[in-house]
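Subject: The structure, and what turned up in it

Hello,

Here is the structure for you to open alongside this message. Please have a look at it first, and then read on for what was found.

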Amino acid sequence: MDQLEKLLEDFKTDQDIKKFLQSGISLDPENIQSHIQSLPLDKQTEIQSQLSSVMKALSGYIEELGREKDAIQDQIDGNLKSAQACLSYGSTQDISKKKRE
């Protein structure tokens, strides 16, 4: 739990959710809840507040990733349409050449 508390303190300082995620921390929610409940009330409140901040940052990060995914999908779709248009144009040019011959 010391690792979690250190991460929460670091997050409180720099508000960088990417660093938080890159830490690779993986804790059982029941263990976290049990640990929080064993702390003094003021410390519980502080950690719960920090966890709420992390949740808000995660939600924002997920939304940002969704927008990036949509933009990339739009680019892929545009590239596919361009490729299909080029293939169609190329086919038309081949047909025109064959008619002339």
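A word on terms first: helices (H or I, at least four residues) and strands (E, at least two) are DSSP runs, numbered from the N terminus. Pro29, for instance, lies in helix 3. Please bear in mind that this is a predicted model, in which local features need pLDDT of at least 70, side-chain atom pairs count only at pLDDT 80 or more, and totals for chains, interfaces and linings use all residues. Residues are numbered from 1 along each chain as its sequence is written, and side-chain values use heavy atoms, with hydrogens and water left out.

Overall layout

The chain has 4 helices and 0 strands, giving the pattern α-α-α-α when read along the sequence. Its C-alpha atoms fill a box of roughly 90 × 20 × 15 Å along the principal axes. The radius of gyration (taken over C-alpha atoms) is 26 Å, whereas a compact globule of 101 residues would be near 13 Å, by a rule of 2.2 Å times the number of residues to the power 0.38.

Of the 101 residues, 15% are buried; here buried means under 20% relative accessible area, exposed means over 50%, and partly exposed is in between (1.4 Å probe, protein chains only). The accessible surface of the chain is about 8,000 Å², with 53% of it belonging to carbon and sulfur atoms; such areas come from the Shrake-Rupley method with a 1.4 Å probe, and for residues only the protein chains shown count as cover.

The core

Which residues form the largest nonpolar core? There are 12 of them: Leu4, Leu7, Leu8, Phe11, Ile17, Phe20, Ile32, Ile36, Leu39, Ile47, Val54 and Tyr61. A nonpolar core here is a set of buried Ala, Val, Leu, Ile, Met, Phe, Trp, Tyr and Cys residues joined through side-chain atoms within 4.5 Å.

Setting aside residues up to four places away in sequence, Leu8 touches Phe20, Ile47, Gln50, Leu51 and Val54, where contact means heavy atoms within 4.5 Å. Across the chain, 64% of the contacts between residues at least 6 apart in sequence join residues at least 24 apart.

Some individual residues

Glu9 sits in helix 1 and is partly exposed, with a relative accessible area of 33%. Beyond its neighbours within four places in sequence, Glu9 is in contact with Glu46 and Gln50. From Glu9 to Ile32, 23 residues along in sequence, the C-alpha to C-alpha distance is 16 Å.

Gln15 is in the loop between helix 1 and helix 2. This residue has a positive phi of about 55° although it is not a glycine, and Gln15 is partly exposed at a relative accessible area of 48%.

Gln33 and Gln84 are 51 residues apart in sequence, and their C-alpha atoms are 55 Å apart in space.

Happy browsing, and best wishes
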